[in-house]
Amino acid sequence: MEYLCVKCRRLAETEQCPWCGSRETKEAEGSDYCYLSEWGGEEAGALADLLNLNSIPFQTRKNPCDTKRTYYSFFVPYRALEDAKDTILTQLSGSRAAAEGARDDSGPFDGDEVDRMEMVELDGMSLEELRAYKDRLNRTLKWVRVQEKEWKRRTTVLMDMREEAENLIDEIS
Ligand SMILES: [Zn+2]
């Protein structure tokens, strides 16, 4: 089952959104608009044309950014998401759009990725790639902070339960 984050409209496998940390998630339904990807400049226009051409309804949101390029997040209905992804892959990949337009939209780094992280990875990255990498670092840090908070709360529960168990053991034995 896929969950849809009500806040950022990304799909997740967990009830808590790994992107923004929101607990406001719901079961994704066909008509729910879901995050597709983020595109800038001319490429955003090209994607809009393609989606129109393929009769895929979409919504866009202008993103605040610190670069000269304006980026737009594209959202399409859940039922059309795979079609929309195919459209991008088959018709926009290999073009300048695929190379420059799409920003890295992968999730937070996992533990293994962080363990293997070395400065050398940054060498040779373009400005665009570096920005995407930094975004991903920020996303991971945000996710870690959410997890820390969660486990702090859970620690209290664990300790309470341990105390209760200890008391019961003392009573019975
Ligand atoms: Zn979210």
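**Figure 1. Overview of the chain.** The secondary structure of the chain comes to 5 helices and 6 strands, where helices (H or I, at least four residues) and strands (E, at least two) are DSSP runs numbered from the N terminus. Read from the N terminus, the elements follow the order β-β-β-β-α-β-β-α-α-α-α. This is a predicted model, in which local features need pLDDT of at least 70 and side-chain atom pairs count only at pLDDT 80 or more, while totals for chains, interfaces and linings use all residues. Residues are numbered from 1 along each chain as its sequence is written. Buried residues make up 20% of the 173 residues in the chain; a residue is called buried if 20 or more other C-beta atoms lie within 10 Å of its own, exposed if 12 or fewer, and partly exposed in between, with C-beta atoms placed from the backbone. Among contacts between residues at least 6 apart in sequence, 61% join residues at least 24 apart, a contact being a pair of residues whose C-beta atoms, placed from the backbone, lie within 7 Å.

**Figure 2. The largest nonpolar core.** This core has 20 residues, of which C34, L36, F74, V76 and A84 touch the most other members; a nonpolar core is here a set of buried Ala, Val, Leu, Ile, Met, Phe, Trp, Tyr and Cys residues joined through C-beta atoms within 7 Å. At least two residues of the core are supplied by each of β1 (3-5), β4 (33-40), α1 (41-53), β6 (71-77) and α2 (81-92), and the largest share, 5 residues, comes from β6. The core draws at least three residues from each of domain 1 (1-30) and domain 2 (37-103), the domain bounds coming from an automatic or database domain assignment. Leaving aside residues up to four places away in sequence, A84 touches L36, L51, I56 and V76.

**Figure 3. The sheet formed by β1, β2 and β3.** In this open sheet of 3 strands the order is β2-β1-β3, with antiparallel pairing, and two strands are said to pair if DSSP finds at least two bridges between them. The edge strands, each of which pairs on one side only, are β2 (11-12) and β3 (25-27). Between β1 and β2, which run antiparallel, there are 2 bridges, and Y3 has A12 in β2 as its bridge partner.

Figure 4. The antiparallel strands β5 and β6 are joined by 5 bridges: N63 stands opposite Y71 in β6, and Q59 has F75 in β6 as its bridge partner. Of the 5 residues of β5, the number buried is 0, so β5 lies largely in the open. Within helix α1 lies G45, which counts as partly exposed because it has 13 C-beta neighbours inside 10 Å. G45 and Y72 are 27 residues apart in sequence and 9.7 Å apart in space, C-alpha to C-alpha.

**Figure 5. Two loop residues with positive phi.** R9, placed in the loop between β1 and β2, has phi near 60 degrees, a positive value in a residue other than glycine. Because R9 has 21 C-beta neighbours inside 10 Å, R9 counts as buried. S55 is found in the loop between α1 and β5, and its phi, near 55 degrees, is likewise a positive value in a residue other than glycine. S55 is exposed, with 8 other C-beta atoms within 10 Å.

**Figure 6. Helix α5.** This helix covers residues 127-172, and at 1.5 Å a residue its 46 residues should span 68 Å, which agrees with the 66 Å between its end C-alpha atoms; the expected span is 1.5 Å times one less than the number of residues in a helix. Of the 46 residues of α5, the number buried is 2, so α5 lies largely in the open.

How values were computed. Two residues are in contact if their C-beta atoms, placed from the backbone, lie within 7 Å.
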